[in-house]
Amino acid sequence: MGSAFQFTLNGRLTAVEDWPANTTLLEYLRATGHTGTKQGCSEGDCGACTTALVETNGRGERVFRAFNSCIALLPMVAGREVVTVEGVGSCAQPHPVQEAMAQHYGSQCGFCTPGSWSPCSRPAIATTSRVRPSSGTS
Ligand code: FES
């Protein structure tokens with residue numbers, strides 16, 4: 001038997017209907033085209049499936065908490081807000097942090113690389129980036 005609820009995904013209210021309650025958030029994301037979120041270990045260790053869960057802190061400010069989608073059941077996000085890498089930037093319009101990480105080989109692990117910050121391959125971002133002047137003097 002499935003469940004029916006809504007949650008906000010990358011800023012859009014999303015209706016979830018007839019998905020088995022034991023579906024992981026990762027399975028749902030990938031099945032609905034959010035393939036920037038990757039599957040690696042499937043046990044919460046590698047970070048390839050990292051999304052951001054948006055919460056409110058004690059001062060009423062929005063805060064983003066890393067959320068491993070491979071170990072989260074889909075119904076756990078009912079009424080909540082989730083951001084995937086597609087909600088951060090794209091190959092055509094990378095977020096400045098994504099662009100900087102690509103330009104300077106800044107990623108090290110699953111949290112940074114497939115999970116949160118890489119909407120596409122480094123060369124794809126590099127070709128969309130501005131050419132910066134050298135900081136050196138000659
Ligand atoms: S797939 Fe490795 S932490 Fe989720």
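Two strands are said to pair if DSSP finds at least two bridges between them, and the helices (H or I, at least four residues) and strands (E, at least two) are themselves DSSP runs, numbered from the N terminus. With these terms, T56 stands opposite R62 in β4. This is a predicted model, in which local features need pLDDT of at least 70 and side-chain atom pairs count only at pLDDT 80 or more, whereas totals for chains, interfaces and linings use all residues. Residues are numbered from 1 along each chain as its sequence is written.

The protein chain contains 4 helices and 5 strands, and from the N terminus on its elements follow the order β-β-α-β-β-β-α-α-α. Confidence is expressed as pLDDT, the predictor's value for each residue on a scale from 0 to 100; its mean over the protein chain is 82, and 75% of the residues reach 70 or more. Among the elements, α1 has the highest mean pLDDT (97), while helix α4 (residues 122-128) has the lowest (45). Over residues 122-138 the pLDDT is below 50, and beyond near neighbours in sequence this stretch has 15 contacts in the model, a contact being a pair of residues whose C-beta atoms, placed from the backbone, lie within 7 Å. Where pLDDT is low, the predicted coordinates should not be read in detail.

The strand β3 (50-56) has two partners to follow. With strand β4 (residues 62-68) it pairs in the antiparallel sense over 7 bridges, and the bridge partner of T50 in β4 is N68. β3 and β4 form a hairpin with 5 residues between them, and in the turn G60 has a positive phi of about 80°. With strand β5 (residues 81-83), β3 also pairs in the antiparallel sense, here over 3 bridges, and A52 has V83 as its bridge partner in β5.

Burial is counted from C-beta atoms placed from the backbone: a residue is buried if 20 or more other C-beta atoms lie within 10 Å of its own, exposed if 12 or fewer, and partly exposed in between. By this count, 29% of the 138 residues of the protein chain are buried. A nonpolar core is a set of buried Ala, Val, Leu, Ile, Met, Phe, Trp, Tyr and Cys residues joined through C-beta atoms within 7 Å, and the largest one here has 15 residues, with L25, L26, V77 and V82 having the most contacts inside it. β1 (2-9) and α1 each supply at least two residues of this core, and α1 gives the most, with 4 residues. Leaving aside residues up to four places away in sequence, L26 touches T37, Q39, C49, S69 and C70.

The loop between α1 (25-31) and β3 holds K38, which counts as buried because 21 other C-beta atoms lie within 10 Å. K38 and S69 are 31 residues apart in sequence, yet their C-alpha atoms are 9.3 Å apart in space. P75 lies in the loop between β4 and β5 and counts as partly exposed because it has 18 C-beta neighbours inside 10 Å. For the protein chain as a whole, 59% of the contacts between residues at least 6 apart in sequence join residues at least 24 apart.

Helix α2 (residues 96-103) has Q98, M101 and A102 as its buried residues. These residues lie on the same side of α2 because they cover an arc of only 100° around the axis, where the arc is that of the directions from the helix axis to the C-beta atoms. Just after α2, Y105 takes a positive phi of about 50°.

Most residues other than glycine have a negative phi. Against that background, N10 has a positive phi of about 50° although it is not a glycine. N10 is placed in the loop between β1 and β2 (12-20), and it counts as partly exposed because it has 16 C-beta neighbours inside 10 Å. D18, also a residue other than glycine, has a positive phi near 60°; D18 lies in strand β2 and counts as exposed because it has 8 C-beta neighbours inside 10 Å.

Key:
Two residues are in contact if their C-beta atoms, placed from the backbone, lie within 7 Å.
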